[in-house]
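Here is a quick tour to read alongside the structure on your screen.

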Amino acid sequence: MPNDTPTCPVTEKHIRIALVGQPNVGKSMLINSISDARLHVGNFSGVTVEKSEVFFDCNTYHFTIVDLPGSYAFTDYSIEERVTHDFLCNETYDLIINVVDSTNLEKNLQLTAELMTLNKKMVLALNMSDEADKEGIVIDAEYLSTLLGIPAVKVSAAAKTGMDTLIEAVIDTHEASYQKPKLVFSEAVEEEIGIIAAYLNEHRFKAAISNRNIAINLLQNEKKTYRTLHDLPLWIELQPLLIEADKHIETHHDTDDVKEVFAEEYAAFIRGVITETVQFKEQPFEKKSLTERFDDLLIHPVLGIPIFLFLMWGLFQLTFEIGSIPMEWIDAFFGWFGETVGATIPNDDVRSLVVDGIIAGVGAVVLFTPNIIILFIGIALLESTGYMSRVAFLLDGIFHKFGLHGQSFIPLVTGFGCSIPAYMSARILKNESDRLLTLFVIGFMSCGARLPVYVLFTGAFFAQNIAGNVLFAIYISGAIIGLIAAKVLKMTAFRGQDEPFVMEMPKYRLPSLKLIWHTVLTKTLMYLKKAGTFIAGASMLVWFLSSYPHSQELETAYAAKIERAAGTEAVGRLTAEADAAQLEQSYLGRIGKAIEPLFTPIGLDWKLAVALQTGLAAKEVVVSTLGVLYAVGEEAIETDKTLISAIRTHIPFASAVSFIVVIMLYLPCLAASVVFTREAGGIKYFVYLFFFTTATAYMLAFLAYHLTLAITGAPAVLPH
Amino acid sequence: MKGCGATVVKLHAQGPLKQRLVSFGVMKGARVEVIGFAPARSTVEIKIGRMRLALRKDEAELIEVSADA
């Protein structure tokens, strides 16, 4: 039935649907189930920040579903709510599917009530009906439909039940004429609605839907209705009526906030509806729900944070331990592949391009795919189980001290995967200065693309059994430096009001395997695609710059020396010397030499300096650059040709530490920088970010380099 | 404190925070229950209806409640 080929939107039998619901009700998952589309679904507030559209055909209709970001109510509190509110009020669509969580109807119908004042055709999808069954919540969907005047369908996006019925209900509602929903208010409000509607009737005001509806909107201070009526002659007499009505209602509700008045009105109406239609079967005991039992442990005031740290530590251990098994195979494969392909190419230059340039560069990046997959699985689990919100809860106290917001944790953790979605998810922070602050710190959370560099270096300098711990330490120190940086920024650049911390703690859910699979698969394919295209190109460029110009003079000079030399050892040494001399006078060598003085104080030579520069394009390129730089001319002396051993041989430990510190802290990749600039709202922020990260990275690398030298007592030698 | 039920009497919050609380269902007459605290009691988790909500202590103090007898 479903078929996700995009179709022509201009057709007679076309239904454009706005999918609306509160956060965490499974909207994205519902779209997934209806259309088999690949959307990312998470179990914390704010996964769908931008609206996304899905197309599919069914029962001779073309459907377009616009997945709107989750909103608790019609407010402009967060960006998500603003996007949704704007869309619903200003754009054209045929029908609303309001997705609600059957296990929490009371809260969810609050939004439904607000949607009912929009005068749009609507279908209510009672999602998670299977969970409701399990929890002993019995909903009379038919009676609910009757009471609300809206068709209500029980569905379960997770179990894929009720999808056909939902689509039928959508088509039936679309084909039928608009039915007014039945929204009933308290006596006081109904009285005022009556007075205003009667006045409108008297003056023969012709409303699109009804004068009752206009009255409700006026009482709610709905901007558009106000604007329409404001220019009409009847406004002069209507205005005093409205002021009188407001006064009456406000006294009745003991508040001067219209939003609050209507929220209370809706809540009362919904309570009535729920009493009529929902039965809560008594559970045998007052048994603690699974979520409660999990929470007892996971957000325990003492154990909560250690448990979180332990889970993160476990993730990095796994990343390293399990990841290293297939790595050896991949490494061996590319070695073999390079040799085999190389043997078939007669031309020296072409062979060097293919083997040392493309295969070495791409191979170096592909090598880390297993690590990336494990890291992405970990983050996907964290997102989809609902644990993320718990951590935000646990960490808000600490984060707040550092000038961040508990919810900053969500973009920050996303930043461990990739900075780009992290920058975008920072939008869940409403307060501008909190958001900017978070944006500035995200880069300190080492993204997945930096992982290869860390794995390479920890693998080169630490024993297998502690490398995982070192990896974890690198990530944690990045995060700690990020927190300190946030504090510094908060005290200097981003002074301002703190945003309140009010967050829903969603129920724990077992992550759907299919969703995790899709998320991880999509991300991994993106990583590999990047390796095959962008990084292959960059490797070729680095290869070219490091192989040309080829000095004939040097070659002849060394050829003569080699001929005169006695013994294989001397020949080997001279060959290596010749290669090094060639590399040094290549374009890349010249660039590197020119910038080397800047990097000498932090213990980096020109090769590492060049690798850092190429990392500005993408962090994976750092590894491929090192792969190319250490592959060119290695054959002569190395028996073991892996990059790891090359790193171990050529780079002193202190320089490696300094290099890692720079990688950890300096500017994110080009794509991420572009997104950062867009999200922060101007190129000037990028300039700040550039100076801020460069200064931090340089200072801390300097410190780390000299500390390591002092501790290890090693002489300050540059890599060779 | 913990595990105690109470009824919201008045919201002393203003502006966006008030709107936010209201849209979460924290409004006059709503029943709330304290579930637990984060380390250092900086943040509190409450249950309102069937939903769980995390609040900073400063914000929670703006919700006036009357404890159940």
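Predicted model: local features only at pLDDT ≥ 70, side-chain atom pairs only at ≥ 80, totals over all residues.

Chain A has a mean pLDDT of 81, and its domain assignment lists domains 1 to 4.

**Confidence**
- In chain A, 92% of the residues reach a pLDDT of 70 or more.
- Residues 38-48 of chain A stay under 50 in pLDDT, and the model has 47 contacts beyond four places in sequence for this stretch.
- Residues 632-640 of chain A also stay under 50; here the model has 20 contacts beyond four places in sequence.

**Domains**
- The assignment for chain A places domain 1 at 14-175 and domain 2 at 187-254.
- Further along chain A come domain 3 at 304-492 and domain 4 at 551-712.
- Taken over C-alpha atoms, the centres of domain 1 and domain 3 of chain A are 35 Å apart.

**The sheet and its helix**
- Six strands of chain A form an open sheet with mixed pairing, in the order 2-3-1-4-5-7.
- At the edges sit strand 2 (52-58) and strand 7 (152-154) of chain A, each pairing on one side only.
- From one strand to the next, the twist averages 25 degrees.
- Strand 5 (residues 121-127) of chain A runs parallel to strand 7 of chain A, and the two pair over 3 bridges.
- Within this pairing, look for A:Ala125 opposite A:Val153 of strand 7.
- Helix 6 (residues 163-175) of chain A packs on the sheet, touching strands including strand 1 (14-21), strand 3 (61-67) and strand 4 (95-101) of chain A.
- The direction of helix 6 of chain A makes about 165 degrees with that of strand 5 of chain A.

Terms used:
Residues numbered from 1 in each chain as written. Chains lettered and ligands numbered in written order. pLDDT = per-residue confidence, 0-100. Contact = placed C-beta atoms within 7 Å. Domains from an automatic or database assignment. Pairing = 2+ DSSP bridges. Helix = DSSP H or I, 4+ residues; strand = E, 2+ residues; numbered from the N terminus. Axes fitted to C-alpha atoms, helices over the stretch in contact; angles between N-to-C directions.
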